[in-house]
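Q: Hi! Could you walk me through this one?

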Amino acid sequence: MTLSSSGVSVTSEAALAAEIVRRKRHGRLVVAIFGAPGSGKSTLADRLRAEITQSFHVSTEVVPMDGSHYDNAILDAKGLRPRKGSPETFDVDGLASLIQRLRAGPPRDVAIPVFDRTLDMTRASARIVDKEVDILLVEGNYLLLDQKPWDRLKDYFDVTVKIECLRDELEKRLMKRWLDLGMSEKESRSKVEGNDLLNADLIESTSLAADILFLGAI
């Protein structure tokens with residue numbers, strides 16, 4: 001673990017888990033994990049959940065930002081379907097309300113939406129965050145985006161983590177993502193260059209600095 005201009009840098013999942021647990025005080029800890037599309041947010045969050053639960057015996061759950069995607073019918077009506085995944089295609093107010101509910105006391109079970117990438121749609125109330133959960137790992141692209149309406153979210157997080165990933169690696173992962181979902185090479189390239197990498201550039205240029213930088217491989 002080293003100090004960086006943004007705070008602490010860690011290079012392993014075990015070290016990141018330990019750093020998160022170290023910052024746990026009284027009450028539920030809400031952690032934001034953000035980074036570019038394809039940087040490995042969901043994978044890292046799931047692995048951290050397992051590591052924190054098993055190694056530190058602290059109940060932990062993952063809350064995906066992607067559950068706040070607007071439905072495709074809304075995106076079609078707004079002409080935003082080709083830009084799905086960009087900041088304007090999310091219900092930010094709904095996400096803010098959800099995080100507020102998850103932070104609020106007294107603790108209670110809360111149902112949260114989850115995005116199904118295969119179906120390309122959000123499934124409402126698809127996961128329960130148990131009232132006994134002590135650490136929430138909220139993962140998503142724009143959690144620290146310093147522009148309205150996203151900038152209101154920063155006040156809901158106790159700890160923020162940014163995943164660093166080289167652009168060439170992002171491009172490779174994103175191409176594989178769309179190809180694996182059945183898109184052609186041309187369609188995948190259009191999706192990556194016309195949307196995903198634009199979003200990655202926005203995150204890099206417009207997000208607030210994180211408390212912790214994760215530099216490890218995912």
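Q: Which strand is Ala32 found in?
A: Ala32 belongs to strand β3, residues 29-34; strands here are DSSP E runs of at least two residues and helices are H or I runs of at least four, numbered from the N terminus. This is a predicted model, where local features need pLDDT of at least 70, side-chain atom pairs count only at pLDDT 80 or more, and totals for chains, interfaces and linings use all residues. Residues are numbered from 1 along each chain as its sequence is written, and side-chain values use heavy atoms, with hydrogens and water left out.

Q: Is Ala32 buried or exposed?
A: Ala32 is buried, at a relative accessible area of 0% (buried is under 20%, exposed over 50%, partly exposed in between, using a 1.4 Å probe and protein chains only).

Q: What is Ala32 in contact with, leaving aside neighbours within four places in sequence?
A: Val138, Leu143, Leu144, Phe157, Val159, Thr160 and Val161, where contact means heavy atoms within 4.5 Å.

Q: Switching to helices: which residues of α1 are buried?
A: Leu16, Ala17, Glu19, Ile20 and Val21. They pack against β2 (7-10), β3, α2, β7 (135-139), β8 (159-163) and β9 (212-214).

Q: Nice. At what angle do α1 and α2 cross?
A: Roughly 65°, with the axes of α1 (residues 13-22) and α2 (residues 41-56) coming within 9 Å. Axes are lines fitted to C-alpha atoms, for helices over the stretch in contact, and angles run from 0 to 180 degrees between N-to-C directions. α1 and α2 are therefore roughly perpendicular (65 to 115 degrees; under 35 is roughly parallel, over 145 roughly antiparallel, the rest oblique).

Q: Who makes that contact between α1 and α2?
A: From α1, Glu13, Ala14, Leu16, Ala17, Ala18, Ile20 and Val21; from α2, Leu44, Arg47, Leu48, Glu51, Ile52 and Phe56. They split into ten nonpolar, no polar and three charged, with Ala, Val, Leu, Ile, Met, Phe, Trp, Tyr, Cys and Pro as nonpolar, Asp, Glu, Lys and Arg as charged, and the others, Gly among them, as polar.

Q: And how do α5 and α6 pack?
A: Helix α5 (residues 167-180) meets helix α6 (residues 185-206) at about 135°, their axes 9 Å apart. That angle makes α5 oblique to α6.

Q: Which residues make the contact there?
A: Among them are Leu170, Leu174 and Trp178 of α5, and Val192, Leu197 and Ala200 of α6. The contact of α5 with α6 has eight nonpolar residues, one polar and eight charged.
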